[in-house]
Amino acid sequence: MIPVAEFKQFSEQQPAFKVLKPWWDVLAEYLTVAMLMIGVFGCTLQVTQDKIICLPSHESRDNASEAPCQELLPRGVSEQMVGGLREVSGLKNNLDLQQYSFINQLCYETALHWYAKYFPYLVVIHTLIFMVCTSFWFKFPGTSSKIEHFISILGKCFDSPWTTRALSEVSGENHKGPATGRTTVTAVAAAGGPGPGPGKTGEGEKEKVLAEPDKVVTETPAVTLLDKKEGEQAKALFEKVKKFRVHVEEGDILYSMYIRQTVLKVCKFFAILVYNLVYVKKISFLVACKVETSEVTGYASFCCNHTKAHLFSKLAFCYISFVCVYGVTCLYTLYWLFHRPLKEYSFRSVREETGMNDIPDVKNDFAFMLHLIDQYDSLYSKRFAVFLSEVSESRLKQLNLNHEWTPEKLRQKLQRNARGRLELALCMLPGLPDTVFELSEVEALRLEAICDITFPPGLSQLVHLQELSLLHSPARLPFSLQIFLRDRLKVIRVKCEELREVPLWVFGLRGLEELHLEGLFPPELARAATLESLRELKQLKVLSLRSNAGKVPASVTDVAGHLQRLSLHNDGARLLALNSLKKLAVLRELELAACGLERIPHAVFSLGALQELDLKDNHLRSIEEILSFQHCRKLVTLRLWHNQITYVPEHVRKLRSLEQLFVSYNKLEALPPQIGLCSGLRLVDVSHNGLRSLPPEVGLLQNLQHLDLSYNALELLPEELFFCRKLRTLLLDYNHLSQLSPHVGALRTLSRLGLKGNRLEVLPEELGNCGALKKAGLLVEEALYQGLPAEVRERMGEE
């Protein structure tokens, strides 16, 4: 007997595939099992029992009727309902057993209808075809790979601790009423979900501003952290879901394959139903057999009994009934496939239930599989949707961040910045840890390359925060926190790709003293160079703008009454319109770096309060306009470095109040003698030029303390240079000096002397008279230093 288990391989799929089997496929699977059992049972009977039994007819060959078995039937009773045969006895056939066996086999092959012979085999074959059609898309390489991948991801999403955590949090939020007198903030906003754009206060915000704006009270729910391993697994699931969605939504091969196999089953159903109904009556209990075997047996007509006809007729009735039910399920499947938009799937109900409004609708094969899953259990799609939500992902990242960046670890990163403030710097993190706001001692917060920051209410705990840097870190600030920072924040730095990405709330910080902006204007706005209004910044003293502006932004005049330092770095783009600078009456420091200037702007000479001017990295060739600086009576520092200046005009003598002059990295070959009349000079930097000599008048600079002549072509120094008794730093590195005058010993305050890269063969022993000069301050080759007298080296080595 053939066991049904032998056919199990034809319908066996992975147990997890059951989630993609709707009720009609499950019903069809049970029906096919029932039909298979009918076929197997019939086949077993065919093999184990006699198929047909024949007896000879005693009529003569000439008088033999066409149906020798009809006379055995009672009148009015059909062959299919025969209960028994009339008893025939007393006839001698004179046939032996071998002759009966021969006749039985011969009549079975020639007289019995093919449907009656092969009925059980046909049932098995048809059933196997149904099974193949039902499970073909689980086996076909183009579809099975996607299904297996999807089932694997679905199972992990369903069982992930993060799924339960996210849904339970949402459930708690949906049933949580607003607390009286407290500010409530939704988890969506706290996790970086949809919120107001930069500076757009009051739009889509879930915060409530308190009656006292300076006091922001927040209530953060007590939540437990996920295990680190579980958090990493959930993070990996988010990436898998994203990639799988992109891959599956590209086509509809799963949908097409399912339709094709369903259509094939319907066609197969109609074919089977029709021919079975036509041929089922061919299963008869009595079969007339006429064969030419009289020479062998002496008889030509036989009456045969099909022993399994009665059972086969009942099995055929059951089989046709199962086929009809199977066909109805197939027709319903076709109706479901074409009646509903299965290539689109909406998570609207999930969004309404969970509050995750960013769960996207899906299409094509991804949507089709989710529709099938809903027929199995809609909870699967609900839990799977958690991993399609960016809000959910941001929550997970936040939990992982908080788990990784503990307050103790963050405190180790605290250090003093250049301004002496206690600064916390975070770079290239996937988000901003909430634990940052537990460090109430932080005075400066520097965030670099951190995307989509939404400051949570915990920011109000940083009561000492005065400085904030957002470097390629776009940030949203709820209105309640804008009120908190409005008078506290003193310094802010914002760096972004385009200046229009600067958050608008920055321009409302009325207590701000320094504003540093870096980013490009779009090409269509570069010439206009329009910034947001600065009228609210009543305390602003320093404004730094690094961009590609075609002119000085007109909004700079909004702070003309109190702006003390203005820095414009144009990255080589030419700055044309500078007339608005004239309105900056109290400006003390002005930097115009890399602005493509070919001449000193005339607007600068109108700045009566100007003390420092920096024209670094421009295209200046001549500085004849330097005479007009006499109107800037308070000018003490002039930086003209990194230009192409070939000479300094003689009317530099008019700059009597000038204390610092930087003309390094130019093309100077000489300095005018009139420079000695700038009696206020304390620092002169003419390094990286082509100077061949110094005018003796340099000795008139009695207040000179720092002189940098390195990287020039000096061969000799004037003796008058050593009349500058206050000189502390003298840098002569990488020149062509062959000797150093013994008068260097007159520089008693000299503490740093650079002589590397020259042609010196010996150092004067008078260096020992430079009481402030130590070994660390003498920058010279070791061989030259060793050439000094031992007592000089000993004195220099003393601390």
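Buried means under 20% relative accessible area, exposed over 50% and partly exposed in between, with a 1.4 Å probe and protein chains only. The model is predicted: local features need pLDDT of at least 70 and side-chain atom pairs pLDDT 80 or more, while totals for chains, interfaces and linings use all residues. Residues are numbered from 1 along each chain as its sequence is written, and side-chain values use heavy atoms, without hydrogens and water.

N643 is buried because its relative accessibility is 7%. N643 is placed in the loop between strand 18 (637–639) and strand 19 (660–662); strands are DSSP runs of E, at least two residues, and helices runs of H or I, at least four, numbered from the N terminus. Leaving aside residues up to four places away in sequence, N643 has contacts (heavy atoms within 4.5 Å) with residues including L615, K616, Y665 and N666. The table gives two polar contacts of its side chain (N or O atoms within 3.5 Å, one able to donate a hydrogen and the other to accept it; residues adjacent in sequence count only if both atoms are side-chain atoms).

| Side chain | Backbone nitrogen | Distance |
|---|---|---|
| N643 | H619 | 3.4 Å |
| N643 | L620 | 3.1 Å |

K616 also has its charged end over the ring of W641, 5.6 Å from the centre; this requires NZ of Lys or CZ of Arg within 6 Å of the ring centre and within 35 degrees of the ring normal.

Rings of Phe, Tyr and Trp (its six-membered ring) pair if their centres lie within 6.5 Å; planes under 30 degrees apart are stacked, over 60 edge-to-face, the rest tilted. The count is 33 aromatic pairs. F244 and F366 are edge-to-face, because their centres are 5.8 Å apart and their planes at 90 degrees.
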